[in-house]
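Please look at the sequence and the structure first.

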Amino acid sequence: VQLQASGGGLVQAGGSLRLSCADSGRTFSSYSLGWFRQAPGKEREFVAAISWSGSTTYYADSVKGRFTISRDNAKNTVYLQMNSLSPEDTAIYYCAARDTPIRYSRNYHSPASYDYWGQGTQVTVSS
């Protein structure tokens with residue numbers, strides 16, 4: 001698994017961005033995927049996760065209703081659509097993959113439960 005995140009940038013508060021994370025491997029569809037973020041001086045935190053089929057999704061309370069995670073297994077890509085962005089969303093965003101299912105999982109929000117990580121993409125929201 002080799003994850004490559006893209007789509008970050010500078011946006012004004014209230015704006016939108018769509019992050020993408022592509023995998024060059026052949027087993028993308030078998031992995032659960034997640035997005036995490038890390039702001040300066042803070043720990044990496046969970047943003048959203050999606051099951052291998054896309055039928056199950058989880059979101060952090062701070063992004064629920066504003067962000068949408070989705071995946072296209074034919075394109076080996078997971079997306080994070082971010083709307084109504086605020087300066088508090090400023091962070092480096094990381095995509096991650098894990099071998100184990102997230103449905104009924106108690107640790108889908110834990111970075112330690114993910115096996116593979118992409119490099120981050122910077123998202124900066126100006127006020």
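## A pair of strands

The model shown here is predicted. In it, β7 pairs with strand β8, which covers residues 77–82, and the pairing is antiparallel, with six bridges. Across this pair, Thr68 stands opposite Gln81 in β8.

The two strands β7 and β8 form a hairpin, and four residues lie between them.

Strands of a sheet pair through backbone hydrogen bonds, and the pairing can be parallel or antiparallel. Strand β3, made of residues 17–23, also pairs with β8 in the antiparallel sense, over six bridges. Here Leu17 stands opposite Met82 in β8.

Which strands make up the whole sheet, and in what order? Four strands form an open sheet, and the order is β1-β3-β8-β7, with antiparallel pairing. The edge strands, each pairing on one side only, are β1 (3–6) and β7 (67–72). On average, neighbouring strands of this sheet are turned by 15° against each other, direction ignored.

Is β8 enclosed or open to the outside? Buried here means under 20% relative accessible area. Five of the six residues of β8 are buried, so this strand is largely enclosed by the rest of the structure.

## The nonpolar core

In soluble globular proteins, nonpolar side chains tend to be buried together. The largest nonpolar core of this model has 36 residues. Which of them touch the most other members? They are Trp35, Leu80, Met82 and Tyr93.

## The chain as a whole

The protein chain has eleven strands and zero helices. Of its 127 residues, 44% count as buried. Among contacts with a separation of 6 or more, 59% are made by residues 24 or more positions apart.

The C-alpha trace spans about 40 × 30 × 25 Å along its principal axes. A compact globule with 127 residues would have a radius of gyration near 14 Å; the protein chain has 13 Å, which agrees. The accessible surface of the protein chain comes to about 6,600 Å², and 47% of this belongs to carbon and sulfur atoms.

How values were computed
Residues are numbered from 1 along each chain as its sequence is written. This is a predicted model: local features need pLDDT of at least 70, side-chain atom pairs count only at pLDDT 80 or more; totals for chains, interfaces and linings use all residues. Side-chain values use heavy atoms; hydrogens and water are left out. Two strands pair if DSSP finds at least two bridges between them. Axes are lines fitted to C-alpha atoms, for helices over the stretch in contact, and angles run from 0 to 180 degrees between N-to-C directions. Buried means under 20% relative accessible area, exposed over 50%, partly exposed in between (1.4 Å probe, protein chains only). A nonpolar core is a set of buried Ala, Val, Leu, Ile, Met, Phe, Trp, Tyr and Cys residues joined through side-chain atoms within 4.5 Å. The radius of gyration is taken over C-alpha atoms; the globule rule is 2.2 Å times the number of residues to the power 0.38. Contact means heavy atoms within 4.5 Å. Accessible areas come from the Shrake-Rupley method with a 1.4 Å probe; for residues, only the protein chains shown count as cover.
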